[in-house]
Number of protein chains: 2
Amino acid sequence: MSETVVITDVGPRDGLQNQPQVLSVEQRLQLVNAIADCGVPQIEVGSFVSPKAVPAMAGTGQVFSALDAAEFVTPTIALIPNMKGYELARESGVKTVTMVVYASDGMAQKNVGMSMAEAELVTLDILKLAKEDGIEVIATIAVAFECPFDGATDPAVVKNIVAKFLAAGADQLVLADTVGAAHPQQVRELTATLVASHGAEQLGCHFHDTRAMGLANVYAAVESGIRRFDSSIAGLGGCPFSPGASGNVATDDIAMMLQQMGFKTGIDLGKLMQASDLAQRLTGTAPGGRSKTWLQGYLAKQVD
Amino acid sequence: MSETVVITDVGPRDGLQNQPQVLSVEQRLQLVNAIADCGVPQIEVGSFVSPKAVPAMAGTGQVFSALDAAEFVTPTIALIPNMKGYELARESGVKTVTMVVYASDGMAQKNVGMSMAEAELVTLDILKLAKEDGIEVIATIAVAFECPFDGATDPAVVKNIVAKFLAAGADQLVLADTVGAAHPQQVRELTATLVASHGAEQLGCHFHDTRAMGLANVYAAVESGIRRFDSSIAGLGGCPFSPGASGNVATDDIAMMLQQMGFKTGIDLGKLMQASDLAQRLTGTAPGGRSKTWLQGYLAKQVD
C-alpha cells in the first residue's frame, strides 16, 4: 500500500500575487476550479491583504464567497498578514488560515516593519484567537533556510519557532525556502531534526526553484519523512520583497516525481496539464512545469 | 576539510553530437579550452565514430592531436563504440576511453544491432586489449535505470555488469540514465547497493534532465557516497536514439549545487558562466543551466 503525500497548491495566492497580470475574481475562480478538478487536495486560494499593497489579491472575500455558494468541496486556505486580515478571513467563513512567521530580523523588517520577535508576538495573538474561533492555523516560517538580507538562517531559530508554535496549538508548521536558496543537504538535516522531535504529521515544506534545486529539496525532505508540500500550478510564484526569488516548485513537476516514486497524491496528471495550460494562458508569464514537455508527450502516448 | 566531487564535462561529446549545429574542429577546441579554463577536472572531448553516422564527431582525431600539440593538461576522454573506434583512439594517443555497455536488449539492438550479451562480449574484448595497451577504460552502462524500449531496468542486470567489468579490470563504471527517466529513490537504492558491494571510488553517475529530476538524482547519488558525475556545459546533450531524451544535467547547475553543499569541485563559477555562454553561442540551442539567471546575478553582485 503506497503512502500519501499531501500537496497544497499555492498558485492562486503565492503565484498570482507575484506576477504582473491582475486577474479578475472570475478568472481566479476559474483557476481554483481547474486545480481542484485535478484532485489537488488543498488550495491556498488567496490572501486578505491591503488591495493597495497587493492589487492582485483584491476581492479575495468575493472568491471565498463564490466558492462557498458553489459548495466547493476541496479544502481551501487563506493567507493573512495581520489581525485585520484575520478578521476579514473569519468574516468570509475561511476555515484554515496561513500566517507568516519570520526566521530573520531582516525579512521581518522588510515585510512587516517589525523585528522577528515583535512579529512573532502578533502572530501568537492571532493564533490564540483562531483557536477560540475554531479556525485551523498553518504557520509558515519565511526564510527558514536563508534570508536575502541576513544570510544563512540559524537552524536553532527555526527549531525554536516550530516548538513554540506547536506548543501554542498551531495545526501545521511549514518551512519556507522563500528565496529558493536552500540546498538539499541543508534541507535533509533540518527536516530530519524536526521530524525526530515532533513527528512529520504537522510539518510541511515550501520550496522555490530559483537555483534549480526545488525537486532535489523536495526529495531531501521526503527522505526525512516530510509528507506535506506547497507547490504552484505551472510554477507560478516568487516573492516581491526577495531579490532573486523566482517561482514556486511547479505542481506539475512535484506531482510527477512523487507519483513516479510510488506516492499517492490524488492528482490526475492529464487534468493537471490542462490546469497548467490555463495558468499559463491567464497570466502570460507562468513558466509551466519543467517536465511539462516530456509529461505531455508521455500522456499523449498513453491515450493513443 | 571538504570532500571532492569529480565532474566530467561530456558536453563536447554527448552534447555536441546531439544537437543540429555541426561545429568545426577549431570551434570544438575553443569549447574544450573554455571548459578546461574553468577548472573542470575531466573532459570527454569527442568520440571515434563513423563520421557518416555522427557528422558532428568527424575530426575527433584532429581535436586530440591539436590538444596534444598544445600540451593540454586537463585529462581527456574519448568515447569509442567498437574495436575500430578503439584503434583510432589509440592511434590518436588517447589515454582514457569510454565504452558503452547496455542494460537492455532493446537499446543494444537499436544502438549497435546486437543483443545486450553480444555487445557485452565485444566490449570485454576491447577492455582486455586496452588493459594490455595501458589505456584507462570507463564503462558507461546505458539505460541503467529505464529503457525507452524495454521499460524499467532490472537492478540485478546492472549489478551483474558492474561486478563483471570491475573484475575484468575496468577503471570506472558509470550508471547512465540515458533517457532521463530515473527518479531519486531508485537512484538512491541502486547506488547504495553498488557502493556497499564495491565502494564508491570507481563508480560514477550520468543523468539527463528530461523530467526535471537531474539535480534530485545527483543529490540521491551523493547521499549514497557517489563522488563522480558526468554533466554537460550549458546543459547540451540528449540521445538521438532515445525518444523524449533531453540534455544532460548542466555543469552550471551541478557545480553550483555541489559547491553550495560544501564539496570541492575545482570549478570557478564565474569562468563556468563564460564557457556556458560560449556553448550557447556556438550551438544556438544549448539551454544554459537552469540556475544561470540566478547565478549570473549572484556573481555580478560578488564582483561589485
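Figure 1. With a relative accessibility of 2%, Leu236(B) counts as buried, since buried means under 20%. Welcome to this predicted model! Leu236(B) sits in the loop that runs between strand S10 (228–231) and helix H10 (251–260) of chain B. Leaving aside residues up to four places away in sequence, its contacts include Gly11(B), Gly15(B), Leu16(B) and Gln19(B), and also Ala279(B), Thr283(B), Ala286(B) and Pro287(B). Gly247(B) and Asn248(B) are among the residues touched by Leu236(B) as well. Look also for His208(B): 28 residues separate it from Leu236(B) in sequence, and their C-alpha atoms are 9.9 Å apart.

**Figure 2. Glu44(A) and its polar partners in chain A.** Glu44(A) belongs to strand S2 (residues 42–47) of chain A. Its relative accessible area is 3%, so Glu44(A) is buried. Here you can find the side chain of Glu44(A) in a polar contact of 2.5 Å with that of Arg13(A), and in another of 3.4 Å with the side chain of Thr98(A). Not counting residues up to four places away in sequence, Glu44(A) also touches others, including Thr8(A), Asp9(A), Val10(A), Pro12(A), Ile77(A) and Leu79(A).

**Figure 3. Chains A and B around their axis.** Chain B is superposed on chain A by a rotation of 180 degrees, with 0.0 Å of shift along the axis and an RMSD of 0.0 Å. This is how a two-fold axis relates copies.

Note on methods: Residues are numbered from 1 along each chain as its sequence is written. Chains are lettered from A and ligands numbered from 1 in the order in which they are written. This is a predicted model: local features need pLDDT of at least 70, side-chain atom pairs count only at pLDDT 80 or more; totals for chains, interfaces and linings use all residues. Side-chain values use heavy atoms; hydrogens and water are left out. Helices (H or I, at least four residues) and strands (E, at least two) are DSSP runs, numbered from the N terminus. Buried means under 20% relative accessible area, exposed over 50%, partly exposed in between (1.4 Å probe, protein chains only). Contact means heavy atoms within 4.5 Å. Copies are superposed by least squares on the C-alpha atoms of residues with pLDDT of at least 70 in both. A polar contact is a pair of N or O atoms within 3.5 Å; within protein, one must be able to donate a hydrogen and the other to accept it, and residues adjacent in sequence count only if both atoms are side-chain atoms.
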